Amino acid sequence: MRERQIYLDHASTTPVDPEVLEAMLPYFTQYAGNPSSIHHAGRMALQALDDAREQVALVLGCTRREIVFTGGGSEGANLAVKGAALAQRARGKGAHVIVSAIEHHAVLHAAEYLAHDGFDVTVLPVNAAGLVEPEALAQALRPETILVSVMYANNEIGTIQPIAAIGALCRERGVLVHTDAVQAPGSLPLDVEALKVDLLSLTAHKCYGPKGAGLLYVRRGTPLLPQINGGAQERRRRAGTENVPGIVGLAAALTRAEERRISYAAQMHMLRERLIEGVLDRVPQSWLNGDRNQRLPNNANLGFAGVEGESILLLLDQVGIAASSGSACTSGSLEPSHVLVALGMSPDEANGSVRFSLGASNSREEIDYVLEVLPPMIERLRAVVPGYEPIAHG
Ligand SMILES: *Cc1c(COP(=O)(O)O)cnc(C)c1O
């Protein structure tokens, strides 16, 4: 094992920034009151909550009342998709929902739930580069459509969707729009007016904040049925005692991500290009998944003919490199990623893909180390694959 680990899996989660941790710590012990309590300890916690709300509202360009703190990205997506759809049906509106084919499972499975509950759900295809085409969305919109959910940036292939165009189109037709923006902080601007969305979900742990804290932006006047019932917290939109340290961490992480966005994105872009160009140069029969330019600055999802991504991951792990593959192992067989399949890839091509997602800790030296060890690994794996014949690949 290499002494120093090389972490290239920031799209799965990020370590907590020490300054973010520092901001959180007092709220575990010193100011540990319940924000709903009337006494001093409670008021201190409530003050922290108010400050955090003010900070994130500043980052998103919205008002404090439009922020609902959640337990993370999955909860935010569920509250947005189910909450907005169910509230509109209750008001007697149509019941057609559109989600893109490459959404995170939090959105896809929430939409499946709605389909079981009688909603008409359209899963909108993406093009071969992994982009939603606004014209295709325009075609899919119906008079009964009440909600569209398209992610801002994809977690597997990093493609950045034309959210402002989608938002404008839907607004024209009176349709609500949710965007899962979990992968955006630090890389993309988060101004909800420019994005023209009604709902936007975020989580802290993908941008150097803690796990289990997130938020949903809910534009003023947007119908929303709470998905967790109980106390009156978050203006009755999300019951439960607030995760004060987590929310403080979320606000600190989002603020820092926005402050550093331009320089962080430039640094990530430089390293990513080095990695992509280096791999495509050195490894025959390799390719990049997702659009070459409309992609997150820290995402490199690469495909290798004739090898399984899982095998590459195991060899990389042996030399201290952490990455992810686009496949999930269910009952012993590899299920190809729904995202890569949506791009039109075969299960074999999809299973031969590896996602490298870069972050603040990575250096050029680390990328160069990957470029040194990866090509011989692929060669070794191909040598043991029976019947692997180099094939032409676009
Ligand atoms: C990680 C992720 C989520 C889920 O967020 P959690 O906080 O882990 O629940 C949702 N959407 C995208 C795009 C993600 O990358």
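1. S201 has L216 of strand 8 as its bridge partner. Five bridges join strand 7 (residues 199–203) to strand 8 (residues 214–218), and the two run antiparallel. Strands here are DSSP runs of E with at least two residues; helices are runs of H or I with at least four residues, and both are numbered from the N terminus.

2. On provenance: this is a predicted model, where local features need pLDDT of at least 70, side-chain atom pairs count only at pLDDT 80 or more, and totals for chains, interfaces and linings use all residues. Residues are numbered from 1 along each chain as its sequence is written, and side-chain values use heavy atoms, without hydrogens and water.

3. The seven-strand sheet is open, with order 2-8-7-6-5-3-4 and mixed pairing. Two strands pair if DSSP finds at least two bridges between them. Strand 2 (67–70) and strand 4 (120–124) are the edges, each pairing on one side only. Twist averages 20° from one strand to the next. Axes are lines fitted to C-alpha atoms, for helices over the stretch in contact; angles are taken between N-to-C directions and run from 0 to 180 degrees.

4. Helix 3 (residues 40–60) packs on this sheet and touches strand 2, strand 7 and strand 8. Contact means heavy atoms within 4.5 Å. The direction of helix 3 makes about 115° with that of strand 2. Helix 4 (residues 73–90) also packs here, at about 170° to strand 5 (145–149). Its contacts include strand 3 (96–100) and strand 6 (176–180).

5. A four-strand open sheet has the order 9-10-15-12, with antiparallel pairing. Its edge strands are strand 9 (286–288) and strand 12 (324–325). Three bridges join strand 9 to strand 10 (residues 299–304).

6. Which residues surround the ligand? They are G72, G73, S74, H104, M151, N155, D180, V182, Q183, T203, H205 and K206, with a heavy atom within 4 Å as the criterion. The shell divides into two nonpolar, eight polar and two charged residues.

7. Now the polar contacts, meaning pairs of N or O atoms within 3.5 Å. A side-chain N or O atom of D180 is 2.6 Å from a ligand nitrogen. For Q183, a polar side-chain atom lies 2.7 Å from a ligand oxygen. The H205 side chain places an N or O atom 2.9 Å from a ligand oxygen. The protein covers 87% of the 380 Å² of accessible area that the ligand has on its own, by Shrake-Rupley with a 1.4 Å probe.

Conventions. A polar contact is a pair of N or O atoms within 3.5 Å; within protein, one must be able to donate a hydrogen and the other to accept it, and residues adjacent in sequence count only if both atoms are side-chain atoms. Ala, Val, Leu, Ile, Met, Phe, Trp, Tyr, Cys and Pro count as nonpolar, Asp, Glu, Lys and Arg as charged, and the others, Gly among them, as polar.
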